[in-house]
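Opening my notebook on this one. I want to look up the strand pairing, the charged pairs and the packing, in that order.

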Amino acid sequence: MRNCVGWFRCVPRFLLVLLVVPFYGAPVVFGGEPQWVEVRSPNFSVVTDAGEKRGREVAMRFEQMRAAFGTLMTKAKVNLPIPLQIVAFRSTKEMRQVAPLWNGKPTQMAGLFQGGTDRSFIMLDMSVENPWTVVFHEYAHQLMNGNMQVQFDPWFEEGFAEYFSSIEVDSKQTRVGKVPHDEYVILQQLGMMRIADLFQVQQHSQTYNESGDHRTTFYAQSGMLTHYIYDNQLLPKVATYFDLKENKHVPVEEAIQQAFGMSPAQFDKALREYTASGRYRYYALPTQASASADNYTVMPMKPEDASGVLADIHLHSPDYQDRALGEFQEILKSDPNNAAACRGLGYAYLQKRDFSQAGEYFKRASQLDSKDPRVHYYNALLTVRESGFRIGADGQDGANKLEEMTKELETSISLDPNFADSYALLAFAQTTTGDSAKAVVTMQKAVALNPRNEEYVFDLANLYLANRQPDQAAAVLQSIRSTANPQLAARVAAMLAQVQRFQQVAAGGGVLTQREGAEDSNHPTNANVQSPAVPGKPQPKWSAPKFVRGVLSGVNCSAEPAAVLTLVSGAKTLKLNLADRNHVIMIGADQFSCAWRNQKVAVNYRESEAGETSVVSVEIQ
């Protein structure tokens, strides 16, 4: 069976982000009540006031699930690209502090996952019988995000998460794949969807997004179908199905027939019979050493530190950042040297674009705890946000800031080698200094850690193109061409057009000609980057493309649609003519801008025997 599951390594988000609601007033401190402790296992940090024993149990459960995922995925190393903090509350009353509101009141829940870009949180109510199912489902999504390259249709994503969320563990065995009893009950009471309909549910579909029986059936049937697939060793056929549907654009019902060797109606019957049989197979794996709670470390926490964790949860809930800011300030009143509170306040002010205050608190946090990777990352992020992403364009001061930013990110990475965002930001810094080759390597690491982050993938393609590797850029862009994000889809399409033109320029010796009979002369692939032909005038003989790197001191756009670029390269100043700025090959920017000043660029251009110039491509650095 492991050979079948190993397919995921080759083929390779439903991310539930819930707003949390703090209590009003000062930081939450439970004076006179059980001690807050932090339990550290090899891969997790658990903060709890439910006692050391329960804290060890929580850490052990997550270690066991992580190990089972790695075993079934045949992964030597399981990535989790965004740092995760687990908080286990001893009572429902405390859990309500972080529960989302519905009609103004906290909802009732046993577990909650809250996602973020720099930090994610899992919260559990340890007073209920089974707080694991919901958070294990969401944790399974995070494991998929960090270890699978492709995002699949919702039925597979949710079914896979359901499959892993039912994990059972004891000191000897980890059991994966038991069908929860409620799935049988739901499907018996509500019935089942047609397979063809199930397979066509997308993230924007009503069935997937609106509460009700259809959504409940969708989740239960997706989970049951995943069990059926595992029990009958059908994963290779699932791979064939996705290849037919996504890459060969075969209609869903026909793809089902070709991949599974049965019609959708036959598939419906087979799944109904499997569900009615009540029989399933599960996988018993030996419990790994990392899942043993004996070697975990336990440290008592000061009340201010526990309050800081809760304030950090509130801080990462966008509608309640102001409340978090007040909580951090209250912590510093009683503990002026609380590094986490300084870091939290710095991030709160950064979100408010109060860069002066953010810098002051990040500086204090760095002095109090130089080993915190998040502080070093925030310092670098502050530099970028403060400069409006134009860092490096301001002479020596910009160069000094870039150098300091690079040092901060390298320190962050050395302290947390699995924090993907630090690599992504470092790649940006390296690109800004003109080292696009090194930036490609760094961005590859970010994508390896978080392969489903579509912005990372897009940025990597951009870097490939900037490094004159259009074939690699095209291959990377294909993986996100079918993104559900319409804005990103438009950017991908535009860049693919740039890649195509870049390839045409390379293949044609630097010359792009307008296609014969093209109906839409404004289409990107119809670009004419030569000087326009003038009837009766002999066309100049152009040189092979030349390359120059320098600083664009100004752009003259007075003659529509042409432009003249003034580029300073060392001791030389070049005047480079651009015939049509709406149809130039752009690398590193979506479109040409007449407002560019003091902008680092790399330009490909041609020169005629008479000394005329014609720009082929402009790369923003």
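**Sheet.** I started with strand 8 and strand 9 (residues 173–176), which pair in the antiparallel sense over two bridges. Two strands pair here if DSSP finds at least two bridges between them. Helices (H or I, at least four residues) and strands (E, at least two) are DSSP runs, numbered from the N terminus.

**Ground rules.** I'm working from a predicted model, where local features need pLDDT of at least 70 and side-chain atom pairs count only at pLDDT 80 or more, while totals for chains, interfaces and linings use all residues. Residues are numbered from 1 along each chain as its sequence is written, and side-chain values use heavy atoms, with hydrogens and water left out.

**Salt bridges.** How many salt bridges are there? I get 20, taking a side-chain nitrogen of Lys or Arg within 4 Å of a carboxyl oxygen of Asp or Glu.

Buried or exposed, I asked of R374? R374 counts as buried at 5% relative accessibility, and D118 does too, at 2%. My cut-offs: buried is under 20% relative accessible area, exposed is over 50%, and partly exposed is in between (1.4 Å probe, protein chains only).

Next I checked K407 and E403, a salt bridge with its closest N and O atoms 3.8 Å apart. They are four residues apart in helix 19 (residues 395–415), so about one helical turn separates them. K407 is partly exposed at 45%, and E403 is partly exposed at 45%.

K438 and D435 also meet in a salt bridge, at 3.9 Å from N to O. K438 is partly exposed at 48%, as is D435 at 30%. Elsewhere, salt bridges that share partners join D118, D312, R343, D372 and R374 into one network.

**Back to D118.** What else does D118 touch? Leaving aside neighbours within four places in sequence, its contacts (heavy atoms within 4.5 Å) include I82, P83, H316, Y347 and F419. With H316 there is a side-chain polar contact of 2.9 Å. I count a polar contact as a pair of N or O atoms within 3.5 Å; within protein, one must be able to donate a hydrogen and the other to accept it, and residues adjacent in sequence count only if both atoms are side-chain atoms.

**Cores.** A nonpolar core is a set of buried Ala, Val, Leu, Ile, Met, Phe, Trp, Tyr and Cys residues joined through side-chain atoms within 4.5 Å. The largest has 72 residues, and F62, W155, F199, L225 and Y241 have the most contacts inside it. Helix 10 (residues 213–231) gives the most to this core, with eight residues. I listed W155's contacts beyond four places in sequence, among them L198, F199, L225 and Y241. A second, separate core of 63 residues includes Y377, F419, L460 and L488.

**Last look.** Helix 5 is mostly covered, with 14 of its 16 residues buried.
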